[in-house]
Amino acid sequence: MNDLIIKNIKSLILPKKSDGPLKGAEMDELEIIDDAMIVVDDGKVVYAGETSDEYDASEVVDAGGRVASPALVEPHTHVVHGGSREHEMALKRQGVDYLKILEQGGGILNTVEQTRKATFDELLEKASTNITRMIQHGVLTVESKSGYGLDRENELKQLKVSKALEEKFPIVMRHTYLGPHAIPKGRNADEFMDEMIALLDEAKDYADFADVFTETGVFTVEQSRKYMEAAREKGFRVKIHADEIDPLGGLELAIEQDAVSADHLVAASEEGKKQLAESDTVAVLLPGTTFYLGKEKYADARGMIDGGGAVSLATDYNPGSCVTDNLQMIMAIAALKLKMTPNEIWNAVTVNAAHAIDAPDRGTLEVGDAADIVIWDAPNHEYIPYHYGVNHAYQVFADGRLLYERPGLKF
Ligand SMILES: N=CN[C@@H](CCC(=O)O)C(=O)O
Ligand SMILES: [Zn+2]
């Protein structure tokens with residue numbers, strides 16, 4: 001006797017599991033099974049496929065002819081931070097550039113000040129609100145970065161909060177040390193970088209990945225390479241905020257350093273995109289930032305996929321460049337602005353997102369995978385990126401246990 005059967009699924013979305021991320025034309029392949037069911041035992045998938053009467057379970061949930069998929073995987077967030085930066089919206093409206101705001105001590109540095117002031121408990125409570133919202137939107141695996149501490153005490157505080165979130169919620173997390181996220185006012189970049197490198201050892205107690213912001217006015221490719229090499233020596237796999245605004249060659253550096261992912265990539269070079277296709281590095285595109293910063297040019301997802309690369313998508317939730325924790329909204333922007341197909345988008349937020357953060361039993365529903373499942377109140381899988389800005393998640397099951405159900409109206 002199994003624990004749970006979810007029956008009466010109109011369309012079951014089954015991204016293909018593979019050793020590496022789905023690349024190029026593979027990204028447009030997505031198995032959709034009509035009239036399906038999922039069987040769960042002990043938190044794991046026992047069966048996901050066509051309706052069959054071979055199985056029984058102590059609990060049966062009727063999906064009511066809705067769509068089901070693996071829970072979404074969110075591979076890039078800055079969910080742990082103090083404060084907010086709504087005042088920057090007015091500056092951006094006046095045309096003040098994102099990097100200009102940072103140069104003047106605002107932007108990331110403003111959040112650093114607010115994060116330093118916040119206690120562990122305050123940060124945990126604030127981030128819990130975001131994580132709750134992510135779960136309600138169908139996400140059960142979340143990557144979370146430090147990077148608003150920029151000193152030993154506060155970077156470690158952020159990482160500890162990130163770990164505490166994973167204890168508090170029935171979700172899977174990956175934790176990323178992003179010490180070199182900005183240069184504190186008045187500091188020399190090389191000296192500060194060395195200080196962040198020296199922290200790698202302690203960060204290793206909490207973090208799975210090491211990340212760096214490689215950008216004009218932040219860290220150069222050379223400084224970033226030094227950091228990535230030091231991190232790899234300590235056993236980290238690396239990530240990079242690369243080519244977000246200026247084409248510095250961050251994507252090429254990511255591939256040279258066998259990065260698990262290279263993120264942003266709006267200004268990535270043709271050479272970088274070519275190398276991406278030959279690597280297993282996942283391009284994590286963050287089109288919500290382009291949208292939120294009001295820029296015209298989006299990352300070249302089509303070029304990356306058509307050229308044979310692996311692409312994933314994330315919100316990049318943070319208080320400055322993308323203030324949403326709704327990954328479904330990013331799926332819509334990917335359809336509209338990145339010209340990705342519905343199948344590519346679903347693979348990007350499930351199986352490829354799992355590869356981007358090394359979470360191999362998430363993002364797919366093969367036998368033995370975690371039974372992280374979303375029932376979507378939608379007629380088909382294409383509908384979710386199409387009807388944008390709202391939450392289509394109807395029920396969310398974490399390890400086979402109902403964690404969220406959409407509330408109805410009381411009247
Ligand atoms: N670009 C660098 N870091 C974040 C933004 C952080 C912030 O503005 O607070 C990002 O991924 O967009
Ligand atoms: Zn980021």
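Modeller: Let's start at Asp 316, which sits in the loop between strand 13 (310-313) and helix 13 (327-336). Helices (H or I, at least four residues) and strands (E, at least two) are DSSP runs, numbered from the N terminus. Bear in mind that this is a predicted model: local features need pLDDT of at least 70, side-chain atom pairs count only at pLDDT 80 or more, and totals for chains, interfaces and linings use all residues. Residues are numbered from 1 along each chain as its sequence is written, while chains are lettered from A and ligands numbered from 1 in the order in which they are written.

Asp 316 is buried, as 28 other C-beta atoms lie within 10 Å. The cut-offs are 20 or more such atoms for buried, 12 or fewer for exposed, and in between for partly exposed, with C-beta atoms placed from the backbone. Leaving aside neighbours within four places in sequence, Asp 316 is in contact with His 76, Thr 77, Leu 286, Gly 288, Thr 289, Ser 321 and Cys 322. Contact here means C-beta atoms, placed from the backbone, within 7 Å.

His 76 lies in another loop, between strand 5 (72-74) and helix 1 (87-93). With 30 C-beta neighbours inside 10 Å, His 76 is buried. Beyond four places in sequence, its contacts include Glu 143, Asp 263, Val 284 and Asp 316.

UniProt, in an unreviewed entry, puts the feature "binding site" at His 76, His 78, His 241 and Asp 316. These four are spread over 241 residues of sequence, yet they cluster in space, with 12.2 Å as the largest C-alpha distance. UniProt positions follow the numbering used here, feature names are shortened, and annotations may be inferred rather than shown by experiment.

Asp 316 also turns up around ligand 1, as one of the closest of 13 surrounding residues, along with Ile 108, Asn 318, Gly 320 and Ser 321. A residue counts as near if its C-beta atom, placed from the backbone, lies within 6 Å. That shell has 3 nonpolar, 8 polar and 2 charged residues. Nonpolar covers Ala, Val, Leu, Ile, Met, Phe, Trp, Tyr, Cys and Pro; charged covers Asp, Glu, Lys and Arg; the others, Gly among them, are polar.

Now for helix 8. Its buried residues are Gln 223, Ser 224, Tyr 227, Met 228 and Ala 231. Down the axis of helix 8 these fall within an arc of 130°, so they line one face; the arc is that of the directions from the helix axis to the C-beta atoms. Glu 222 and Glu 233 are exposed on the other side of helix 8. The cover over the buried face includes helix 6 (189-198), strand 10 (237-242) and helix 9. After helix 8 comes Gly 235, with a positive phi near 95°.

Helix 10 (residues 270-277) buries Gly 272, Lys 273 and Leu 276. Those residues sit within an arc of 100° seen down the axis, so they line one face of helix 10. Glu 270 and Glu 271 are exposed on the other side of helix 10, and among the elements covering its buried residues are helix 9 (250-256), strand 12 (282-285) and helix 12 (301-306).

Terms used. Two residues are in contact if their C-beta atoms, placed from the backbone, lie within 7 Å.
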